[in-house]
Amino acid sequence: MSVDPRYAVLFEPVQIGPVTARNRFYQVPHCNGLGFTRPRAEAAMRGMKAEGGWAVVATQECEIHPTSDLAPGCEARLWDDRDIPALAAMAEAVHEHASLAAIELAHNGFHAANLLTRTPPLASNHMVTDSIQPLQARAMDLADIRALRRWHADAAKRALKAGFDIIYVYAGHHMTMPHHFLSPELNQRSDEYGGSLQNRVRLTRELLEDTREICDGRAAVAFRLAVDDMAGTGGMQAEEEGRAIVEMLAELPDLWDVNVAGWPNDSQTARFAPDEGYQEPYVSFVKQVTTKPVVGVGRYTSADRMAALIRKGVFDMIGAARPSIADPFLPAKIEEGRIDEIRECIGCNICAAMDWFSVPIRCTQNPTMGEEWRRGWHPEKIAPAASDAPVLVVGSGPAGLECALQLSNRGYSVTLAEAGRELGGRSRRESGLKGLGTWSRVRDYRATLLSQRADVEIFLESELTAEDILAFDFAHVYLATGARWRADGVGRSTRRAIPGLDGVAVLTPDDIMDGALPGDGPVLVWDDDRIYMGGVIADHLAAAGAEVALATPAPMVSPWTENTMEQGRIQAGLLAAGVGLRLSQRLVRIEAGEAVLACEYTGTETRLPCATLVTVTERAPERALYDALRAQDHGLTTLAAIGDALAPGLIADAVHAGHMAARNHERDPAEAEAELFTREMVSL
Ligand code: ADP
Ligand code: SF4
């Protein structure tokens, strides 16, 4: 099959020093919570990207020495030769599909607290570590710098032994030593490695030269540089020192991988950077300065946009972390003209959150991400149907849609019943809230494919009862009926209803998603949930013109969103919108048109006028249908509640639950449970 001429440019090979990428799709380094602790899972996940058409597939950052110990994180590691086999497995998995394997060597300097190795962290100067740990880094002398070069060189030799084709020097995200030395703020040295830009670049130049010498034509040398700190005049700026660095090192690496720093700026969520290409204003100059191939990122999911970037000479290769997580087969789908089948990243950063927790990566859109090895899930392949018995799925939220789609992929004929007028459940409803528009992609991808299937029937405005279901002829029924936010204030802080709610207008996030707005007077958002919804609702209502305050027992707004790297922007946005923040405050009761709040620490009470209270506390599973069926002799072979109807969680959890149900459909439950997942064991 020939490639659509509009996209043919994306499938041209690219020479990167001594190696050739088969096309222009480049999976840039990204963390994933697998790393050296789960090497088989890492290899399978990266291999899947290669199978899906990414011509270059990179590791995450790879610690090169025990003085760069990111514990309890689990990144890649090349401290000594014993670390080679784990990474060789990954390189091999990538090579199986004719792609190039890249490795991002990293010394993390004062970003590594060395909690495991208990060696004092190293830095350009004496300074506190950038993680909040009770220890400081020590300034490196010239012997330390020579040692650092040796460690980097030794790691490069090991990377070659492991079979890597592209070896990185990494100066980005404020996370690595070369970046720290480049920074005029961090690097306060007075020797030949500090002061002038020429001096601050010295370490990076030496590392690039050392790596080139070691590679000696056997592998390419890539340089990852954050050209802008996005801190205005307070940091490195693309048009000033960023550009000067690229000019000074222009032809030294075989490839430039350019982005912005730190990680929360590089991986901005769609809530704050809704458009593809948000990094272009910072990085597009690079190609004018070097003749070497340039790769850049910007959460690109549109084939037209990608092709335009190549034609306009912005990049030579399209870099992606998140779009390759949401759809490892994105390149193959463009190549085969299956644009409709691309699972577009929604920009929610649940993938990044799991890296912070050091658990296997997961993705809202792609439930197979991180499950390639331990559950044997392939994003594009699924076992054929075990029978020709049709299946009824009730509810078309993320769980129901994914379950229906995967059952259909298996070859089952599926009936999907939805009470509402539109498909999508919470992925549709939440996408109507300020900043969450892209979340509708969870519905769009699945609804589009389901609408094309001859063996799938979709019934809207069909709120089914237990009697309806039993009157049909289905033996297999999945209930994906979702959950509703509670209106009584029960949540993390209290298991009892909050007194006085009958004296105030009470709304829940569901009411607001259904279009309700508060009446006149002050609104209090009581955020006991502390994940993302409280901040979203306050922002949404403030934008609609309400006078809004937000109270939460947490010392900051939406604290869980530190994991999605949005918390700072959320709090800044609410302050800018004039939302009154009542932090470390617990709602104790409503009394005479006022909310009574108590300080989390002292119990001191304060009062706040409140005409409308929005409770963001906890969700109650919609179990009535399930319970009604279970209460009788239903005779169904399969009856299961899935997703939020079973246990409310993230949209990612609901999609995963729908996927799991479809994979396990008509499997022996005992066998499915026994094979929950394969573990990587420490061997003795
Ligand atoms: P999840 O996140 O688990 O997929 P959602 O809350 O997003 O759950 O979606 C649940 C969907 O189920 C909603 O669209 C809701 O309208 C639908 N639903 C709930 N009860 C019924 C029912 N009895 N019959 C048909 N659809 C239902
Ligand atoms: Fe994109 Fe969200 Fe998936 Fe990450 S978790 S790849 S941001 S859809």
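Let's start with Leu470: at 29% relative accessibility, Leu470 counts as partly exposed, because that label covers values between buried (under 20% relative accessible area) and exposed (over 50%), using a 1.4 Å probe and protein chains only. This is a predicted model, where local features need pLDDT of at least 70 and side-chain atom pairs count only at pLDDT 80 or more, while totals for chains, interfaces and linings use all residues. Residues are numbered from 1 along each chain as its sequence is written, chains are lettered from A and ligands numbered from 1 in the order written, and side-chain values use heavy atoms, leaving out hydrogens and water.

**Around Leu470**
- Leu470 sits in helix H17 (residues 466–471); helices are DSSP runs of H or I with at least four residues, numbered from the N terminus.
- Beyond its neighbours within four places in sequence, Leu470 is in contact (heavy atoms within 4.5 Å) with Leu629, Gln632, His634 and Leu636.

**The nonpolar cores**
- A nonpolar core is a set of buried Ala, Val, Leu, Ile, Met, Phe, Trp, Tyr and Cys residues joined through side-chain atoms within 4.5 Å.
- The largest one has 82 residues, and Leu10 and Ile334 touch the most other members.
- Helix H3 (residues 142–162) gives this core its largest share, 10 residues.
- A second, separate core has 36 residues, including Cys348 and Val614.

**Helices H1 and H2**
- In H1, Pro39, Glu42, Ala43, Arg46, Gly47 and Ala50 meet Ala86, Ala89, Met90, Ala93 and Val94 in H2.

Conventions
Helices (H or I, at least four residues) and strands (E, at least two) are DSSP runs, numbered from the N terminus.
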